Amino acid sequence: MGVDPRHGSGYYPRMDLPHVRLAQFMEWKGWRQPQLAEAIGRSQATASGILAGKKLPDRLTANAIERVTEDWPGGVIRSEDWDAIELARRTGTA
């Protein structure tokens, strides 16, 4: 987390956003980006973009994330969890 210039020095990402939850899952699992990338069948650059919240996963990738997080006590990150972000971006409310 860190400073987002759009929100000032007190900005921290919402903990319920799927990319934030994905980072929490990785911490629980003890994974780094290469392990996530391998598990979801994507490049490390794609995994990095998703984790940074700069890239939304396509449907196949979102389904893969859902599969790998099924056993997480923090709760599965469902494929549909990314849809609200996509909608907000399209409507300009993100």
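Does Glu 66 count as buried or exposed, and at what relative accessibility? At 19% relative accessibility, Glu 66 counts as buried, where buried means under 20% relative accessible area, exposed means over 50%, and partly exposed lies in between (1.4 Å probe, protein chains only).

A word on the model before we go on. It is a predicted one, in which local features need pLDDT of at least 70 and side-chain atom pairs count only at pLDDT 80 or more, while totals for chains, interfaces and linings use all residues. Residues are numbered from 1 along each chain as its sequence is written, and side-chain values use heavy atoms, with hydrogens and water left out.

Now back to Glu 66, which forms a salt bridge with Arg 78, their closest N and O atoms being 3.8 Å apart. Because Glu 66 sits in helix 4 and Arg 78 in the loop between helix 4 and helix 5, the pair ties together parts twelve residues apart in sequence. Arg 78 is partly exposed, at 41% relative accessible area. A salt bridge here is a side-chain nitrogen of Lys or Arg within 4 Å of a carboxyl oxygen of Asp or Glu; helices (H or I, at least four residues) are DSSP runs numbered from the N terminus.

The structure holds six salt bridges. One of them joins Asp 71 and Lys 29 (3.8 Å, N to O). This pair links distant parts of the chain, 42 residues apart: Asp 71 is in the loop between helix 4 (59-68) and helix 5 (83-91), and Lys 29 is in helix 1 (residues 18-29). Asp 71 is partly exposed at 46% relative accessibility, and Lys 29 is partly exposed at 34%.

Technical notes. Helix = DSSP H or I, 4+ residues; strand = E, 2+ residues; numbered from the N terminus.
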